Amino acid sequence: MSIPELFRCPISLDLFADPVTLSTGQTYDRANIEKWLGYGNSTCPVTMQRLHDKSLVPNHTLRHLIRQWLLTASIHGDGSVLMEPINSMDISLSELKRNLRLPPTSTLTTKLETLRIIKGLSSESSLRQASLVQAGFFQLLLHLLFQAPVAHNAEVTELALDGVLNLLPSADLESLNMLRKESSLTQLVFLLDQSNVKIKTALCYLLETIATCSATQELCLMLGRRQRVLQVLVSLLQHKSEAQASEAAVRAVCNLCSSEANRATAIREGAVDGLIAYLSDTGCAPRSRNRSAARALATLEVLLGLEIGKRKMNRNPGAIETLVKMVFRIPSDQGGSEHAVGSLLLVCCDSAGVRREAIDAGVLTKLLLLLQSQSSAQAKTKARALLKLLIPVIKKQVL
């Protein structure tokens, strides 16, 4: 086994000693890139982009991965690598697999300890994750969660889900299609419906992956037809005391709604009201939620493209005020203002009452400021269209 390409400097092709990243996003060993720049070069060696900023940012993540890899590998003079045993407790992979296959009536302690070991191993490094996936642990954990006769134990479920999520980046996501089996899908819905918030949050991350992967699009459609799935996600959107759960739910809902076939069902099960509830709580949230709020606004604009979405919106008493507040609430580079104005434009087109409500909520000031800001051309185009709709209402009020 050779040194992974990820761990080799593109200039020397040797293992990184001190990885640093340029403004182009390319990573090099510090000594090599400093020598390159010292020769008077002003471009990135890989992309050949001109460097307007020659600062070198330490790549701590890559350094950590290499350190973890070196702890489990012996490098020979020819560059080949000998991997050491899976862990220091002398527990073989075959024994771990055998323990996972134990029936639900077997010793719970054994299964829990096995899952803790797998969670620990899968958290070590990307290389360890890849080795566990290659050994079949991703499928085994999925089977334990969704196919095996279920012993309803929250800790078993939590640990198994932790392992699945850790292995997702290295896994063949085609394996998730085992959930298309009716019994497995029923088990997924049951866990989403009946489990604690931690399990529901983990399942939201799994649903997000299913919705974004091309290999699982049929499964995504099957989930979109399950009313209870969307009902639970909408309830999590409004879970103000559990910020991680509500953000995970936003990501799941937004990605499920990226499929046109899922949108009407999502609206019927409360997605519009759920997204508005989530956004209404964003004002006092940390900046880290800005990206999730921007995604919620983008999805809301898509849902309002359907008549059923507009009807749901018009029945929500605080929706227009919330949307007006979201203009300028999120940095312009994340598109929040554009989607907030786009949503207002869609609902104002068909209702004079909504137009008056938007004006009363202070939308005019927001729109005029937006037109003078550094917002995108799309945002300004939507703002002008909305102003054109609102001006007649203003003239009537003045007269």
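This is a predicted model: local features need pLDDT of at least 70, side-chain atom pairs count only at pLDDT 80 or more; totals for chains, interfaces and linings use all residues.
Helix 9 (residues 197-212) packs against helix 11 at an angle of about 115°, and their axes lie 12 Å apart. The crossing of helix 9 and helix 11 is left-handed. On the helix 9 side, Lys200, Cys204 and Leu207 take part, and they meet Val229, Val232, Leu233 and Leu236 of helix 11.

Now look at helix 10, which spans residues 217-224. Which of its residues are buried? They are Leu219, Cys220, Met222, Leu223 and Gly224. The cover over these buried residues of helix 10 includes helix 8, helix 9, helix 11, helix 12 (243-256) and helix 13 (260-268).

**The whole protein**

Stepping back, you can count 21 helices and five strands in the protein. Of its 399 residues, 49% count as buried. Among the contacts with a separation of 6 or more, 65% are between residues 24 or more positions apart.

Three of the strands form an open sheet, with the order 2-1-3 and antiparallel pairing. At the edges sit strand 2 (27-29) and strand 3 (57-58), each of which pairs on one side only. Strand 1 and strand 3 run antiparallel and are joined by two bridges. In one of these places, Val20 has Pro58 of strand 3 as its bridge partner. Helix 1 packs on the sheet and touches strand 1, strand 2 and strand 3, while its direction makes about 95° with that of strand 2. In general, the strands of a sheet pair through backbone hydrogen bonds, either parallel or antiparallel.

Between helix 1 and strand 3 there is a loop, and Thr43 has its place there. Is Thr43 buried or exposed? Its relative accessibility is 13%, so Thr43 counts as buried. Setting aside neighbours within four places in sequence, Thr43 is in contact with Trp36, Met48, Gln49, Arg50 and Leu51.

**Salt bridges**

Side chains of opposite charge can pair when their charged atoms come close. How many salt bridges does the structure hold? There are 17.

| Salt bridge | N to O distance |
|---|---|
| Arg30 and Asp18 | 2.8 Å |
| Asp193 and Arg228 | 2.8 Å |
| Asp350 and Lys310 | 3.0 Å |

Take the pair of Arg30 and Asp18, which form a salt bridge. Arg30 is in helix 1 (residues 30-38) and Asp18 is in the segment before strand 1 (19-21), so this pair ties together parts that are 12 residues apart in sequence. Arg30 has a relative accessibility of 24%, so Arg30 counts as partly exposed. The pair also belongs to a network of salt bridges that links Asp18, Arg30, Glu34 and Arg63.

The side chains of Asp193 and Arg228 also meet in a salt bridge. Asp193 lies in helix 8 (residues 182-194) and Arg228 in helix 11 (residues 227-237), so here the parts tied together are 35 residues apart in sequence. Both ends are partly exposed: the relative accessible area is 22% for Asp193 and 36% for Arg228.

Asp350 and Lys310 form another salt bridge. Asp350 is in the loop between helix 18 (336-348) and helix 19 (352-360), whereas Lys310 is in helix 16 (residues 307-314), so the pair ties together parts that are 40 residues apart in sequence. Which end of this pair is buried? Lys310 is, with a relative accessible area of 13%, while Asp350 counts as exposed at 54% relative accessibility.

**A buried serine**

One last stop is Ser343, which has its place in helix 18. Ser343 has 0% relative accessibility, so this residue counts as buried. What does Ser343 touch, leaving out residues up to four places away in sequence? Its contacts are Leu297, Leu300, Glu301, Leu304 and Leu323.

Note on methods. Residues are numbered from 1 along each chain as its sequence is written. Side-chain values use heavy atoms; hydrogens and water are left out. A salt bridge is a side-chain nitrogen of Lys or Arg within 4 Å of a carboxyl oxygen of Asp or Glu. Helices (H or I, at least four residues) and strands (E, at least two) are DSSP runs, numbered from the N terminus. Buried means under 20% relative accessible area, exposed over 50%, partly exposed in between (1.4 Å probe, protein chains only). Contact means heavy atoms within 4.5 Å. Two strands pair if DSSP finds at least two bridges between them. Axes are lines fitted to C-alpha atoms, for helices over the stretch in contact, and angles run from 0 to 180 degrees between N-to-C directions. A crossing is left-handed if the near helix is turned anticlockwise from the far one by less than a right angle, and right-handed if clockwise.
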